[in-house]
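Here are my notebook entries from a first walk through this structure. Keep the view open and follow along with me.

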Amino acid sequence: MKIAIHHRSGSFSDRWINYCEEKQIAYTIVDAYDTDIVEKVKDCDAFMWHHHHADYRDTLFAKQLLYSLQMAGKKVFPDFNTGWHFDDKVGQKYMFEAIGAPLVPSFVFYTKRESLEWIEHTSFPKVFKLRGGAGAVNVKLVRTKLEAIKLINRAFGRGFPQFDKWNNLKERWTKFKGGKDTFLAVCKGIGRLFINTEFGKMRSPEKGYVYFQDFIPNNGFDIRVVVVGDKAVALQRNIRENDFRASGSGDLVFPNENIDKDFISLAYKLNKKLGAQSTAFDFIKDLDNNIYLVEISYGFPMLNFLDKASGYWDENLSWNEGKFIPQNWMVDNLIR
Ligand SMILES: Nc1ncnc2c1ncn2[C@@H]1O[C@H](COP(=O)(O)OP(=O)(O)O)[C@@H](O)[C@H]1O
Ligand SMILES: [Mg+2]
C-alpha cells in the first residue's frame with residue numbers, strides 16, 4: 001500500500017506525512033496541480049488531499065480529480081460520499097432532505113420571480129446564506145421583507161463578491177475589540193479594502209439563486225461533532241457578542257464527557273447514512289430541545305481545535321479519555 005499525498009503546509013497533510021513516517025507507511029508527496037497528476041499517482045494505491053474551499057484552484061478541480069481516481073479503483077480521501085457536498089450548502093439541503101436528516105427548514109429559488117413570490121407569504125426573521133464559505137462569512141440575519149428583497153435583487157443582479165471586504169474588516173474589528181485578535185489583523189483588513197484576495201479575484205460573483213433558512217432561536221452556541229470512522233470528537237462554539245453566529249467566533253468550549261450524548265448518537269447515525277470517512281456536523285438546539293443540523297464539512301481547522309478535547313466518543317457512545325490526532329485516524333481508516 002502506497003499513499004500519494006498532496007502537501008499543503010498547515011493542512012492535514014502535515015500530520016498525514018508525520019504519521020506515515022512514524023508508522024513506516026509507504027507514501028510519496030505529489031503536486032495535485034501538475035497536469036500529469038493522474039500519471040504521477042499511477043503506482044500508488046491511495047491519494048489524499050486536504051483541499052480547501054478558499055483556494056480557487058482547489059474549488060476548480062479537487063473533487064473532479066479525487067472522484068476520477070476513486071472511479072479508477074484507488075482509495076481516496078476525501079472520497080465521493082465524504083466530499084461531493086463540501087462547501088455547498090445548496091447541495092447539502094437536497095442531500096439532508098433526501099436522507100431524512102433534521103435540517104433547519106431551508107428554501108432555495110433560482111429565479112427572481114419565484115423568490116419574490118415566496119417572501120410574500122413567509123415569516124421573518126430568516127437566515128440568508130451563500131452556498132459556499134465558512135466561519136459565518138456569508139451568513140446574514142434577515143429581519144424584514146425589505147431586507148430580503150434587497151438580497152434577492154442583488155442575487156439576480158450584480159451578485160455577491162466572493163470576498164466581502166467590509167464584512168471582513170468588521171469581523172476583524174469586533175475580534176480586536178474583544179481581545180481575540182491583534183491590531184495588525186485590523187490593519188490587514190483595511191488593506192483588504194484596496195487589495196482583493198486571490199480567491200475574490202479569480203472566482204466570479206455568486207448569483208442566480210437565493211438560499212434562506214428559518215432562523216432557529218437557540219441558547220447561543222452550536223455544537224460541532226466530528227466523526228472520523230468509529231471515533232467522534234465534539235466541541236461547543238459560542239456565538240459572537242450581539243450576534244447569532246457561532247462558527248468563526250473563536251470562542252470554543254470543550255464539554256468533553258459532559259456533552260449531551262444525543263448530539264453524538266445523531267452524528268454517528270447520520271454519518272452511517274452518508275457513508276462518509278470524515279464529517280464535521282454542525283448542530284443547533286432550539287429552545288424546545290429539538291436538534292437541527294445546520295451544515296457539514298469533511299474538513300475542519302487543524303490547530304487549536306479538536307486537539308483541545310480531552311478525549312473522544314466511540315460508536316458505543318463510551319467516552320475515551322486521552323490525547324489523539326484525528327488526522328492519523330484518517331490514514332488508518334484509508335489503509336485498513
Ligand atoms: N438557521 C439558523 N438559525 C440560527 N442560527 C444559525 C442558523 N444557521 C446558521 N446559524 C448560526 O450561524 C453560524 C454560521 O452558519 P453556517 O451555516 O454554519 O455557515 P458557515 O459555513 O459559514 O459556518 C452557525 O455556526 C450558527 O451558529
Ligand atoms: Mg458552519
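**Entry 1: the sheet**

How many bridges join strand S3 to S4? I looked this up in the model, which is predicted, and found 3 bridges between S3 (residues 46–49) and S4, with the two strands running parallel.

Next I traced the whole sheet. I read an open sheet of 4 strands in the order S2-S1-S3-S4, paired in parallel. I then asked which strands stand at the edges. They are S2 (26–30) and S4 (75–77); each has a single partner strand, so one side of each lacks a neighbour in the sheet. From one strand to the next, I noted an average twist of 20°.

**Entry 2: the helix on the sheet**

I looked up what helix H1 (residues 12–23) touches. H1 packs on the sheet and touches S1 (2–6), S2, S3 and S4. Its direction makes about 155° with that of S1.

**Entry 3: aromatic rings**

I found 24 aromatic pairs in the structure. I picked out Phe12 and Trp16, whose ring centres are 6.0 Å apart; their planes stand at 70°, so I filed the pair as edge-to-face. Both belong to helix H1, and because they are 4 residues apart there, about one helical turn separates them. Are these two buried or exposed? I have Phe12 down as buried, and Trp16 as buried too.

Then I turned to Phe109 and Trp118, a tilted pair with 5.1 Å from centre to centre and 40° between the planes. Phe109 is buried, as is Trp118.

**Entry 4: charges over rings**

Where does Arg57 lie? I found Arg57 over the face of Tyr33, 3.7 Å from the ring centre. I logged another such arrangement at Trp329: the charged end of Lys231 sits over its ring, 5.4 Å from the centre.

**Entry 5: the domains**

Last, I looked up how the protein is divided. I wrote down domain 1 (2–77), domain 2 (166–198) and domain 3 (221–324). Taken over C-alpha atoms, the centres of domain 1 and domain 3 are separated by 26 Å. How many residues does the contact take from each of these two? My note says 10 residues from domain 1 and 8 residues from domain 3.

Notes: Residues are numbered from 1 along each chain as its sequence is written. Chains are lettered from A and ligands numbered from 1 in the order in which they are written. This is a predicted model: local features need pLDDT of at least 70, side-chain atom pairs count only at pLDDT 80 or more; totals for chains, interfaces and linings use all residues. Side-chain values use heavy atoms; hydrogens and water are left out. Two strands pair if DSSP finds at least two bridges between them. Axes are lines fitted to C-alpha atoms, for helices over the stretch in contact, and angles run from 0 to 180 degrees between N-to-C directions. Contact means heavy atoms within 4.5 Å. Rings of Phe, Tyr and Trp (its six-membered ring) pair if their centres lie within 6.5 Å; planes under 30 degrees apart count as stacked, over 60 as edge-to-face and the rest as tilted. Buried means under 20% relative accessible area, exposed over 50%, partly exposed in between (1.4 Å probe, protein chains only). A charge sits over a ring if NZ of Lys or CZ of Arg is within 6 Å of the ring centre and within 35 degrees of the ring normal. Domain bounds come from an automatic or database domain assignment.
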